[in-house]
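Subject: Structure handover

Hello,

Here is the structure for your files. Please open it alongside this note; the findings follow below.

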Amino acid sequence: MASHIAIKLLVVDDHPLFRQGVRWALSGEDDLVIVGDVASGEAALEWLAQAGSHDEPNVMLVDMNLPGMNGLALTRQVRRQYPGLGVVMLSMHESDEQAFHALQSGAAAYRSKDVKPQALIEILRRVARGEYVINDVLLEEPRVASRVLTQFRSLPEALPTDPEAVDVPIFTPLSDREIEVLERIAAGGSNKEIADSLHISTQTVKNHISSILRKLSLNDRTQAVLFALRRGWIETPQEIRQGPLEPPADPPEDEA
């Protein structure tokens, strides 16, 4: 029997029956208590602002498709105001597109609403420990990596000339191996390709990516690559601009 509450959960969903179902599914867990449930993002922010230290949650379960302020906007604001609060995002249908947006918003985990109760409980426990569970989804979705690369392709030209002109603090430097992994992510390598090229396991690749995110305190792989480019830690990968991952949208003007 647990002697204290390890997980304090705030549930944010506009369907009363779903909120009640979550309460029922989690009611038998000694290390977890639902400190509150609200129906909107606005109500969640108000609840957090008024919560005392006894009721302050360390994990928040959020519906992606909330009315008004949606789950993505709520998560972004929560990550700014309450950086120690982990967000588990749920949607009606799990997809790589939604996983990409959950990643960008700073969610610690993303699953569909048909997740099994025991699986959800384990996710909540991992997020409460500070783990970045969303990697489990993203590292197995090549199309998410493709979206990251598409977004990244336009970033180098927009970089500020002053490498310190970044809205982030100074972070712990990466190891040589982590920089190697980051360069291969930027070039579009899959986890298996990265593992094969560096003669390590795919799990080790995942561990390095988790370490990169933790050291840089960044929400996603795109930000990690961009930060490293701005600091001059890695070179701009030509593969991103001119293949062979996919043909450029328009031919260069000097080749017309």
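Helix α8 (residues 176–186) packs against helix α9 (residues 191–198) at an angle of about 135°, and their axes are 10 Å apart. Axes here are lines fitted to C-alpha atoms, for helices over the stretch in contact, with angles from 0 to 180 degrees between N-to-C directions. Helices are DSSP runs (H or I, at least four residues), numbered from the N terminus. The angle therefore makes α8 oblique to α9. The classes are: under 35 degrees roughly parallel, over 145 roughly antiparallel, 65 to 115 roughly perpendicular, the rest oblique.

This is a predicted model: local features need pLDDT of at least 70, side-chain atom pairs count only at pLDDT 80 or more, and totals for chains, interfaces and linings use all residues. Residues are numbered from 1 along each chain as its sequence is written, and side-chain values use heavy atoms, with hydrogens and water left out.

The crossing of α8 and α9 is right-handed. On the α8 side, the contact uses Arg177, Glu180, Val181, Arg184 and Ile185. Their partners in α9 are Ile194, Ser197 and Leu198. Contact means heavy atoms within 4.5 Å. By class, the α8 contact with α9 holds four nonpolar, one polar and three charged residues. Ala, Val, Leu, Ile, Met, Phe, Trp, Tyr, Cys and Pro count as nonpolar, Asp, Glu, Lys and Arg as charged, and the others, Gly among them, as polar.

Next, helices α2 (residues 41–50) and α3 (residues 71–81). Their axes come within 10 Å and cross at roughly 15°. That makes α2 roughly parallel to α3. This crossing is right-handed. Gly41, Ala44, Leu45 and Leu48 in α2 meet Leu74, Gln77, Val78 and Gln81 in α3. The residues of this contact are five nonpolar, three polar and no charged.

Ala73 also lies in α3. Ala73 counts as partly exposed because its relative accessibility is 26%; the class sits between buried (under 20% relative accessible area) and exposed (over 50%), with a 1.4 Å probe and protein chains only. From Ala73 to Gly41 is 32 residues in sequence and 8.2 Å in space, C-alpha to C-alpha.

Last, Gln98 in helix α4 (residues 96–105). Its side chain makes a polar contact with the side chain of Ser91 (2.9 Å). Leaving out residues up to four places away in sequence, Gln98 touches Met64, Asn65, Ser91, His93 and Tyr110. A polar contact is a pair of N or O atoms within 3.5 Å; within protein, one must be able to donate a hydrogen and the other to accept it, and residues adjacent in sequence count only if both atoms are side-chain atoms.

Best wishes

Methods. Helices (H or I, at least four residues) and strands (E, at least two) are DSSP runs, numbered from the N terminus. A crossing is left-handed if the near helix is turned anticlockwise from the far one by less than a right angle, and right-handed if clockwise.
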